[in-house]
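Q: I'd like to go through this one with you before I set anything up. Where would you begin?

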Amino acid sequence: MKRRYDVLVVGGGPGGALAARTAAEKGLSACLIEKRPAIGVPVRCAEGIGKEALKEFIEPDDRWISAEVHGAQIVAPDGTSMTVEQKMAGSKVGYILDRKIFDRELVWQAAAAGADVFVKTRAVAPIMEDGRVRGATVAFCGEDRKVAADLVIAADGIESKFARWCGLDTTVPMRELMSCAQYVLTDIDIDPHLTVFYFGNRIAPEGYIWVFPKGERTANVGIGISGRKSKDGHRARHLLDRFIADRFPRGKMVECIVGGVSVCRPLPCTVADGLIVVGDAARLADPMTGGGIANAMITGRLAAEVAAGCISKGDVSRDALMPYDDGWRLSRMGKSLEKNYRIKEIFITLDDAKLNALIQSASRLDLKDFSVLTLVRELIQRNPKMLLELKSLYSVLK
Amino acid sequence: MLVIHRDICGYCGACVSVCPEGALELIDAYLTVDDHCTACRICTRICPLGALEVADEAKV
């Protein structure tokens with residue numbers, strides 16, 4: 001490990017890997033550190049990603065694709081279901097990844113581009129000079145080292161501490177932290193190309209249960225519930241166990257995964273003097289779906305692009321780095337985050353009767369010319385009792 | 001004070017993200033709590049597994 005780099009990247013997930021790869025490709029000296037002893041494990045993810053979003057960053061490869069998704073099924077609390085197939089779902093259709101291999105591939109690419117990579121290496125404190133971030137003290141196998149850097153990219157995920165140490169408040173409100181549990185279940189009957197989402201305030205309050213295929217008879221079966229709905233005897237794990245006992249009683253568990261996903265708005269500002277925050281650490285997971293891989297890669301790459309320009313000009317102040325913050329906020333991703341946040345805020349107010357009514361009427365629609373707006377317009381006509389919710393939904397989508 | 005039941009903890013870091021004091025930190029598979037903890041119980045609520053508990057000082 002050198003004593004100085006242009007860019008120090010904290011965290012070896014997809015956001016950190018894209019930041020390090022892009023920085024190296026731009027000719028910067030870059031170092032990526034990961035606190036865990038291996039890249040890609042333990043998995044803390046349902047592993048779904050849209051096809052188009054993925055292709056922006058890497059050519060799909062069977063080595064790290066567990067399943068190709070052709071459609072999504074939505075199941076109402078009363079069991080009514082509707083299926084959205086590939087031709088109507090457009091770019092929403094995608095892959096279920098094998099994150100253990102996928103994350104390694106991305107970090108290998110960063111290394112191949114010229115970045116240094118260290119595992120079991122944890123940032124323990126930023127190096128601050130006159131209020132500016134100038135690198136980090138890192139612990140490698142218990143030994144502290146100072147690594148100077150023009151810029152630090154914090155890609156340290158949901159449990160991010162680095163940005164907080166630098167003065168940004170990253171606290172996720174309790175109600176906007178989805179408390180999640182997931183098992184990789186095998187020997188179960190599933191459609192190997194269909195993702196299934198189960199809604200209902202009894203089975204998954206303010207969240208959903210997912211079944212994401214990982215092969216012919218294997219799937220990620222998981223749940224996310226709002227932090228405010230989580231309590232003793234009624235936690236994510238308990239609700240998931242109840243669902244599995246009912247739905248997949250003979251399933252065999254080969255992996256147990258827990259985690260938190262933020263569904264709040266992004267950090268109010270994702271840059272500081274000498275610091276850029278990306279991905280889950282910047283609270284950029286999609287508030288509707290909880291998906292975070294694509295947004296982490298988008299912002300990881302953008303962070304390194306902006307960093308390259310600022311470092312070459314010798315100015316890494318907060319103001320100079322603002323094109324990063326403005327860049328993602330004004331992009332399609334930023335707009336979609338805001339839109340989906342507002343949709344989520346409407347959805348969590350719906351009780352099971354309303355969810356049933358919505359999914360029932362949607363399932364009866366002819367979805368050949370499926371667009372979300374026409375769908376909502378149809379739903380308004382068919383659900384006069386839900387005029388208020390649907391009208392606010394319509395105004396968000398419009 | 002906050003008690004971490006290490007046999008239950010899934011070392012996922014969800015608790016770290018909601019801690020208003022920044023008192024929790026996940027070091028690989030080992031969750032730590034420092035003296036900034038105010039026993040506010042937010043982390044005990046959101047833990048997916050129920051690994052965190054605020055115990056009565058007298059009983060510990």
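This is a predicted model: local features need pLDDT of at least 70, side-chain atom pairs count only at pLDDT 80 or more; totals for chains, interfaces and linings use all residues.

Q: What's the phi of Ala39(B)?
A: Phi of Ala39(B) is near 55°, which is a positive value in a residue other than glycine. The residue counts as partly exposed, because its relative accessibility is 25% and that class lies between 20% and 50%.

Q: Which residue of chain A has a positive phi, and where is it?
A: Asp130(A) has a phi near 50°, again positive in a residue that is not glycine, and it sits in the loop between strand 9 (121-129) and strand 10 (132-140) of chain A. Asp130(A) is classed as exposed because its relative accessible area is 80%, and the cut-off for that class is over 50%.

Q: And which peptide bond is cis?
A: The bond from Val41(A) to Pro42(A) is cis, with omega near -10°, and Pro42(A) belongs to the loop between strand 2 and strand 3 of chain A.

Q: Switching to charges: how many salt bridges are there over all chains?
A: The search of the whole structure finds 29 of them. One joins the side chains of Glu47(A) and Lys214(A), at 2.6 Å from N to O. These partners come from distant parts of the chain, 167 residues apart, with Glu47(A) in the loop between strand 2 (30-33) and strand 3 (48-50) and Lys214(A) in the loop between strand 14 (208-213) and strand 15 (218-226) of chain A.

Q: Are Glu47(A) and Lys214(A) buried or exposed?
A: Both Glu47(A) and Lys214(A) are buried.

Q: What about Glu105(A), which residue does it pair with?
A: Glu105(A) forms a salt bridge with Arg63(A), and their closest N and O atoms are 3.1 Å apart. This pair also links distant parts of the chain, since Glu105(A) lies in helix 4 (residues 99-112) and Arg63(A) in the loop between helix 2 (51-55) and strand 4 (65-68) of chain A, 42 residues apart. Glu105(A) counts as buried because its relative accessibility is 14%, whereas Arg63(A) is partly exposed, with a relative accessible area of 48%.

Q: Which residues form a network of salt bridges?
A: Arg175(A), Glu176(A), Lys344(A) and Glu345(A) are linked in this way.

Q: What does Val277(A) touch?
A: Leaving out residues up to four places away in sequence, Val277(A) touches Ala154(A), Ala163(A), Leu168(A), Leu267(A), Thr270(A), Ala282(A) and Tyr324(A).

Q: Which residues of helix 8 of chain A are buried, then, and what covers them?
A: The buried ones are Ala320(A), Leu321(A), Met322(A), Tyr324(A), Asp325(A) and Trp328(A), and what covers them includes strand 11 (143-154), strand 17 (271-272), strand 18 (275-277), helix 7 and helix 9 (332-347) of chain A.

Q: Last topic, the interface. How much do chain B and chain A bury between them?
A: They bury about 2200 Å² between them, with 54% of it on carbon and sulfur atoms. Ser17(B), Arg45(B) and Pro48(B) supply 27% of the area that chain B buries against chain A, more than any other three residues. In terms of contacts, 26 residues of chain B meet 29 residues of chain A.

Q: How many salt bridges and polar contacts cross between chain B and chain A?
A: The count is two salt bridges, and there are 15 residue pairs in polar contact. Arg122(A) forms a salt bridge with Glu25(B), at 3.2 Å between the closest N and O atoms. On the side of chain B that touches chain A, the elements that give two or more residues are helix 1 (14-18), strand 2 (24-27) and helix 2 (42-46) of chain B.

Conventions: Residues are numbered from 1 along each chain as its sequence is written. Chains are lettered from A and ligands numbered from 1 in the order in which they are written. Side-chain values use heavy atoms; hydrogens and water are left out. Contact means heavy atoms within 4.5 Å. A salt bridge is a side-chain nitrogen of Lys or Arg within 4 Å of a carboxyl oxygen of Asp or Glu. Helices (H or I, at least four residues) and strands (E, at least two) are DSSP runs, numbered from the N terminus. Buried means under 20% relative accessible area, exposed over 50%, partly exposed in between (1.4 Å probe, protein chains only). Buried area is the accessible area (1.4 Å probe) that two parts lose on being put together, summed over both. A polar contact is a pair of N or O atoms within 3.5 Å; within protein, one must be able to donate a hydrogen and the other to accept it, and residues adjacent in sequence count only if both atoms are side-chain atoms.
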